[in-house]
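Here is a short report on how the inside of this protein is packed. Keep the structure open while you read.

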Amino acid sequence: MQAVILAGGQGTRLRPLTLTCPKPIVPLLNVPFLHYQLAWLRQHGIREAVLACSYGVDEIRRVLGGRHAAGIRLSYAIEREPLGTAGALRNAADAGNGPLVVLNGDVLTDLDLSGVIRLHAERGAQATISLTSVDDPTRYGLVETEPDGRMLRFLEKPEPEHVTVQTINAGVYILERTLLELIPTGRVVSMEREFFPELLARGIGFFGHTISAYWLDIGNAETYRQAQVDLLTGTVTTGVQPPGIRRGNLWIGDESSISAEARLTGPAVIGRRARLASGCRVGPFSVLGDRTTMERGSHIDGAVLWEDVRVGPGARLSACVVADRCRIGANAEIGPGAVLGAGSVVPDGARLPA
Ligand code: GDD
Ligand code: MG
């Protein structure tokens with residue numbers, strides 16, 4: 001069975017991180033995000049995936065490397081201009097018969113995909129979408145179904161007054177390939193605003209299946225950090241381990257140098273060739289990228305640092321995200337919710353957010 005991963009969005013809600021790193025490959029515990037999706041697909045017997053890409057495709061290719069990843073054969077379908085979620089699917093999928101798995105390239109889940117595929121076949125459905133529950137459906141696609149799962153309504157990004165249920169589209173679909181002919185070519189087409197409503201209007205066998213598994217869209221800074229907390233606590237089950245040697249609930253990268261006077265409290269991940277000077281403290285849910293250095297007496301707690309970040313002496317970082325090559329000045333304080341784009345320079349003693 002073939003999977004298509006929609007991986008061509010601009011990741012605007014994850015800016016400034018996505019200005020230099022496309023969303024599908026933002027690191028989670030120092031592993032590019034798509035590896036988690038590919039490993040999960042592989043666990044459910046999928047061996048072939050097409051990445052529907054546009055924005056940042058060269059970088060995605062470079063990071064995933066080669067034609068195989070996580071035991072899956074990869075190919076790329078590139079849109080010169082983004083074609084929208086359905087346009088991208090039409091552009092990427094092989095013609096033919098039989099079902100296709102389609103994923104939003106930003107959902108972290110351990111849902112039972114094999115079970116959804118089975119249910120789709122048993123019902124003789126043409127389209128099955130996975131559903132989950134959230135507190136605020138206005139940021140998602142709201143879905144109403146009949147008690148037997150038949151789709152009744154799909155409303156993308158509903159206004160608060162139109163929220164009737166907590167159930168939303170989880171961005172994991174099983175679609176019969178013959179349906180792709182309903183997607184017009186040569187223009188932008190949205191799955192959520194055009195294709196799904198079209199399936200409803202035509203009375204096609206279209207079902208929703210509510211999952212009870214872990215599910216998170218990693219597409220904003222808050223959920224991006226939350227995903228890593230959830231991976232570290234084992235709230236979500238994946239076949240992916242952070243790189244490095246595991247010591248209890250710490251993962252220590254190769255060739256890292258950690259002072260005997262540094263204090264590490266897991267769960268935490270330290271990247272390859274990281275350097276931690278004396279008096280450093282790394283608190284729970286911290287992630288240090290490769291070659292990151294923490295100078296004397298600096299503390300980080302629940303912070304996610306990408307590669308080549310330098311944390312100056314006495315600096316304090318908590319629950320923030322810091323992209324590649326940032327320089328954090330001596331005694332600077334970076335607090336919860338701050339997100340620094342690649343190459344940012346924080347002066348000595350500065351406080352963020354102000
Ligand atoms: N190739 C390609 N081309 N991919 C695209 C394009 C495009 O033009 N536009 C978006 N994508 C990809 C994004 O990269 C992402 O992986 C996926 O499609 C969904 O886009 P988002 O921008 O993340 O959408 P969303 O999170 O606001 O809403 C979607 O996901 C929700 C679940 O997380 C919708 O599908 C909602 O209905 C759903 O509830
Ligand atoms: Mg999203």
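## The main core

This is a predicted model. Its largest nonpolar core has 61 residues. Leu41 and Leu108 have the most contacts inside this core. Helix α2, residues 33-43, gives the most to the core, with 7 residues. Domain 1 (2-233) and domain 2 (245-352) both contribute residues, so the core lies between them.

Look at Leu108 in detail.

## A second core

A separate core has 30 residues. Among them are Ala127, Ile129, Met151 and Tyr173. In soluble globular proteins, nonpolar side chains tend to be buried together.

## Helices α4 and α6

Helix α4 (residues 84-92) packs against helix α6 (residues 191-201) at an angle of about 70°. Their axes are 7 Å apart. The two helices are therefore roughly perpendicular to each other. On the α4 side, Thr85, Ala86 and Leu89 make the contact. By class, the contact has 4 nonpolar, 1 polar and 1 charged residues.

## What covers α4

Which residues of α4 are buried? They are Ala86, Gly87, Ala88, Leu89 and Ala92. The cover over these buried residues includes α6 and the elements β1 (2-6), β4 (48-53) and β6 (72-78). It also includes β7 (99-104) and β12 (167-176).

Definitions and conventions
Residues are numbered from 1 along each chain as its sequence is written. Chains are lettered from A and ligands numbered from 1 in the order in which they are written. This is a predicted model: local features need pLDDT of at least 70, side-chain atom pairs count only at pLDDT 80 or more; totals for chains, interfaces and linings use all residues. Side-chain values use heavy atoms; hydrogens and water are left out. A nonpolar core is a set of buried Ala, Val, Leu, Ile, Met, Phe, Trp, Tyr and Cys residues joined through side-chain atoms within 4.5 Å. Buried means under 20% relative accessible area, exposed over 50%, partly exposed in between (1.4 Å probe, protein chains only). Helices (H or I, at least four residues) and strands (E, at least two) are DSSP runs, numbered from the N terminus. Domain bounds come from an automatic or database domain assignment. Axes are lines fitted to C-alpha atoms, for helices over the stretch in contact, and angles run from 0 to 180 degrees between N-to-C directions. Angles under 35 degrees count as roughly parallel, over 145 as roughly antiparallel, 65 to 115 as roughly perpendicular and the rest as oblique. Contact means heavy atoms within 4.5 Å. Ala, Val, Leu, Ile, Met, Phe, Trp, Tyr, Cys and Pro count as nonpolar, Asp, Glu, Lys and Arg as charged, and the others, Gly among them, as polar.
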